[in-house]
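Try each task before reading its solution.

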There are 2 protein chains.
Amino acid sequence: MKEELSVVGKGIPKVDAILKATGKAVYGADFSLPGMLHGKILRSKVPHAKILNIDTRKALRLPGVRAIVTGKDFPWGLKYGFTAITRDQTPLAQDKVRYIGDEVAAVAAVDEDIAEEALDLIKVEYEELPAVFDPFEAMKEGAPQLHDHVKNNISASQHLAFGDVEKGFLESDHVREDQFTTQAIKHGFLEPHASVGLWDPSGKATLWGNKQSPYIVYRKLAMALGLPPSKVRVIQTYVGAGFGSARSDPFALDFCALMLSKKTGKPVKFVYSMEDVLVMGEMRHPFYMKVKTGMTKEGYIKAIQAYVVADGGAYSTIGPVSIALPAFFIDIPYRLPNVQYDGYRVFTNKGFCGSLRGHCIAQLRWALGQQLDMVCNDLGLDIAEVSIKNALHPGDETPSGYKITSCAFTECVEKAVEASGWKEKKGKLPPYRGIGMGTSSFITGVKLSGHNSASCVVKLNEDGTASVVTGATDIGQGSSTIVSQIVAEVLGLPIEDITINAGIDTDFTPIDPGTYGSRVSFYSGNAAKIAAEDAKKQLAEVASKVMKVPLEEIIFKDRKVFSKSNPEKGWKIDALIRHAQHSMGKESKSVIGRGSYDSGVDFIDFKTGRGNISPTYTFAADVVEIGVDPETGKITILNAVGAHDIGRALNPILCAGQLDGAWIQAEGQLLYEELKRDKKDGHVLNPSFMDYKMPTSMDIPLKNKHIFVESMDPDGPFGAKEVGEGASVAIFPALGNAVYDAIGVRIPDLPITPEKVLKAIKEKKEGK
Amino acid sequence: MKEELSVVGKGIPKVDAILKATGKAVYGADFSLPGMLHGKILRSKVPHAKILNIDTRKALRLPGVRAIVTGKDFPWGLKYGFTAITRDQTPLAQDKVRYIGDEVAAVAAVDEDIAEEALDLIKVEYEELPAVFDPFEAMKEGAPQLHDHVKNNISASQHLAFGDVEKGFLESDHVREDQFTTQAIKHGFLEPHASVGLWDPSGKATLWGNKQSPYIVYRKLAMALGLPPSKVRVIQTYVGAGFGSARSDPFALDFCALMLSKKTGKPVKFVYSMEDVLVMGEMRHPFYMKVKTGMTKEGYIKAIQAYVVADGGAYSTIGPVSIALPAFFIDIPYRLPNVQYDGYRVFTNKGFCGSLRGHCIAQLRWALGQQLDMVCNDLGLDIAEVSIKNALHPGDETPSGYKITSCAFTECVEKAVEASGWKEKKGKLPPYRGIGMGTSSFITGVKLSGHNSASCVVKLNEDGTASVVTGATDIGQGSSTIVSQIVAEVLGLPIEDITINAGIDTDFTPIDPGTYGSRVSFYSGNAAKIAAEDAKKQLAEVASKVMKVPLEEIIFKDRKVFSKSNPEKGWKIDALIRHAQHSMGKESKSVIGRGSYDSGVDFIDFKTGRGNISPTYTFAADVVEIGVDPETGKITILNAVGAHDIGRALNPILCAGQLDGAWIQAEGQLLYEELKRDKKDGHVLNPSFMDYKMPTSMDIPLKNKHIFVESMDPDGPFGAKEVGEGASVAIFPALGNAVYDAIGVRIPDLPITPEKVLKAIKEKKEGK
């Protein structure tokens, strides 16, 4: 049953909207300190080479240059990366460079122009090595080796099997094997990486930056700088969006800002150009996929098999997770008896790849979601009915061990069918019009590193307001608003009575792993709820004492605290807080609530793939209707309907924003975006937003209907779970299937450019 | 018994010493924001006048001027001040100016020079009024009236009586009545007031400034700006010392920085010149005192009576407290059966007066401590013996209701006598050498406003360190160090494992009234101890679980957590914190301790003067030995001994620093300092540190012996209580009595300049 709430569930504008809209929010690139120097990075111009010598003498003589660092300035031999075996990256290149753009040296100067000029005066002597840009080439014996610690450039691999796929395929009436590929794209956040480093005389290294997981950055900085963690402090500025590990990791600018600060005694600021951002890591992994689905003629899926090769670029970073996640997401949202997955992440001499909204899951769903449509088409079945037939239900446990608690997947499919006019349209649209369905299921947080718990402090103020110090990292998604709503709801306050920290400060903010894996509303939301309830309980005890009413009778509502049985009498909350703080003699205290939350889910077991990796799962069914211009190949989105089981919609405006964002980001990869590379040396051909074309908010389908199917999760804060990441995944096959429905040809390789569409139409006409 | 401790009680350098010594600590005047404007204040050049008109048009036309504010820009009619009836001051003068220096208008411009130039272009039309500069003149019928809300310029008065002084004088064998005066001095902090205001588009008014009670400033800003308190945020920078309410109150620069920011949309910075600081409030109140002491020939004090007129200057500020405190401190450190006090604080057309180390208590002790010596001399008694004979003892309750808990006053006198060679020297020194004794007793925190409780949060970090967010306001006295020591002690960590907030942020820091009344170590120290113990308890519960050892067996020591019965086994604290945070499934949590402390003492009852105003009291006995050069009148401090019952010396280096500071500040008022004024218009004649002569750290007596008499207070954190404020009070009569002992003449009026000494010597020789 849906509990009646006052603040949660309401479409409240973002609490930081005014500061952002008026340009007063201090983003990474806005942050400055007096006496600050400016830094620039020298990047490799060759794809693979030994560094024989770096001569900085001439650059250091340039007036205005204050210091230069190279790989030798980070002598700890410690490398940063996701796990011990993947620590293959150093703050600056030491012995080798591995892609065009790899960081070689950094300059601090009194202004950016001088720093830039100094880069040209640094002489790097290379011994060039053969390079490899194609992952299949890279896996061959005798291929150039990027790293010594792995064979055949296999950065990471993942194998997983449940049941017996061979048996499953035998039980199937129809089995198909198809190949699909996806391209390299970028996160496309509008604010480039920006950091200010200050290594002060007490030995503390403080970094201000636009990070999405400050505590992860803090750990990796300490590791790579050879500092005890307590000597590192990361302070998060406002963040111009994130979308993945490109904001979770420290990069060359962060290490260099600090090391150059240590050398000069001044704060040092780096702001990457968009060229820096587009050339360096992290990218979305390009995927090469061979997938196989077996189904009975009644529409029961008997087996799925996937073989994946992911192009990882030059370094590991989060690679082991990247190549494992697709495996872990195969067996949701359908009941699958037999599954096999074999994935390889391969090093190539290109910018490194990492996570991006729907981390490597969108790629495999692009393949599997289309193959499901193909199998259905082959068998004359309706994908919607097949989806319902195979759907997971509350109480299910998947072969991998996922415990399905709240689940309204069937309802999602039904609502999407109904709202899109699916039954009237599927297979019945005129030529060059098409409709397609895609589904997905997603985690709500995942235990990646040891640390998974979130925490929060809520302080009640004497004017009746509450100050919240959350570990939740708002990178634009609106966690500050969600957390504020939750605290306001618990305390019976309006949203304007909540003050919340605008950023994370690892020295003082309650610890929280940060923003990734769609964990924030659930984990940090629960921590905030617990902290607010703790504060409420303390103040309720005061109320119980002064009003002489049992504790369980005390109600907090509309800035008042009163007894359930006597709502007219009671105290204004500010007066009660002041009473607690001022007037209880030795018992006087300021009310400070604290909360910490962990779902207790299992750590991902990369070996067996077994365990419940998320406290709950979300579900989505998307239907897309398109038109194709047969003259130009241009695709127009005519109608988009998504039905999303997201638990409670904590804030419908923000949920819709997440879903619009999911749409536009998926649409970008599906139709427009591609990081193009030179075939001979792998350098990026379109490293600017002039040439790398992203859709903007103006491209969001006008008819973009979001249906919230509020399954009210038993463990989520007020019933909430993930929104917006799972949704983006479902859009991939939905659009692919709609294209097939419109032109009768399957386009397996992203992006679906007008050229490819025209070529497909032409070939179909020619009967190829 | 003195408990054996590891970190508390050790002479640890200040935790912020390196940043301060290397110039990296950001003080008020160092703080800046991008795009900041600079402000200057226009001050009245007449002592008393109606403002008829302010014409800012010409000033506004000066290129670079961005905005001007006058009293009319603060239209709320709300005035700031200590109590409702004393709210007689507005951010800028509205109808009237009341002293030369009173604030009339403020300019924001692109740089300081232009702002300064613009001041000259503002035309203020005054209607001059008769002015009054002498408080006795001001009290007369027909004198010019500064404010309408009081009669005869009596800003505040305080009357207090215990027992019956007339009866006491009758019972005495000897009664004396004498008069004493003290001069106006300034706090003499080396950093002028500095603030940056930013009124952002969301309506939040944020002030960065070097304040000593940010929460008090926050309340007063909200009141005077007509804002709800939650729309005001005060962020404390490093503070270049405080010494009193001159750092507790907001002043014109604070209001104007915010209002000019509101007008311009830019941050606005004010840095006062030292001339601003010396001309404006707050000063130490000049006192005119008539005191009377009655004693039996055995040396028992039977009655003390005091009549005080304090020159308050143009505004009330904390005046009611200023005139009341001397009354509340008469009956410590001696057992007094009969006391009467009548005090008047009077408005005059001069800069306003407020609190300064030993707030108005030093002045009265200057009189009473010398009169005690005079009575003893008259009766042939030894002041040391008389002090012991009349001393308060543990368990005593004074007539005013003070509960004496820990008290080693007698031991203080004995130790001072012993260490100074008192018995060998008193009355036996050669001509122009003298020795004198002074005593005092002091509060450890006082409940001035409703709010008295302190609070603190302690977060345990995964690297085994602790982050402390204290409400304690470090203004140079070292509270950050003391609080860090207390937390380290509780958690068994070395001091370097503690990270503490460098300043207060009223939005997020746990609330604490701030630094005044010698409350910080006791209140904030206790809050920190409770918070650390709360964190310790939570982690001990984890330890108890994982080690399978009863909770009460768990010991925290040397970064380890182990069982009392098995010290070899156990966990490193970092591993245990990570276990708690990572590995306890649903129970995983980040350990956050919270603490709030209130002593439960009574609010000062200004009417009856009854109640226990402090949780505990400190005691001091000082002996000073001097030489006087009969040719020049110059006084040289030859030896100084102070024995101080301060409870536990939490950090002997900082305690000694406090006592050295007490010495130098007292010495300044006793021998050198005076804010001199023109007789005709009251303007300050020496408004610079070139002309206003303060002693420096080089003038601290070389032989300055501090004896800690550690009475181990039952309620203080690890037994601590106040240090350094009470001590300064005892020095006043000690030095006065030494001068008398050296030259045989009493100099009742401060400062004791060489001119006065020479004159006294001359008059004595001439038999006057």
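**Exercise 1. Work out how chain B is related to chain A in this predicted model.**

**Exercise 2. Describe the side of chain B that touches chain A.**

Solution. First count the contacts, taking two residues as touching if their C-beta atoms lie within 7 Å. With that cut-off, 46 residues of chain B are in contact with 46 residues of chain A.

Next, find the elements of chain B that each supply at least two residues to this side:
- helix 1 (17-21) and helix 16 (573-582);
- strand 19 (454-460), strand 20 (466-470) and strand 25 (592-597).

Now sort the residues on this side of chain B by class: 23 are polar, 12 nonpolar and 11 charged.

Finally, compare the two chains. Of the interface residues of chain B, 100% are also interface residues in chain A, so the copies meet through the same surface.

**Exercise 3. Trace the open sheet of chain A that has 3 strands.**

Solution. Begin with the strand order, which is 4-2-6, with antiparallel pairing. Next, look for strands that pair on one side only: these edge strands of chain A are strand 4 (96-97) and strand 6 (123-128).

Then take one pairing in detail. Strand 2 (residues 49-55) of chain A joins strand 4 of chain A through 2 bridges in the antiparallel sense. To place a bridge on your screen, pick Ala49(A), whose bridge partner in strand 4 of chain A is Val97(A).

Notes: Residues numbered from 1 in each chain as written. Chains lettered and ligands numbered in written order. Predicted model: local features only at pLDDT ≥ 70, side-chain atom pairs only at ≥ 80, totals over all residues. Least-squares fit on C-alpha atoms with pLDDT ≥ 70 in both. Pairing = 2+ DSSP bridges. Helix = DSSP H or I, 4+ residues; strand = E, 2+ residues; numbered from the N terminus. Nonpolar A, V, L, I, M, F, W, Y, C, P; charged D, E, K, R; others polar.
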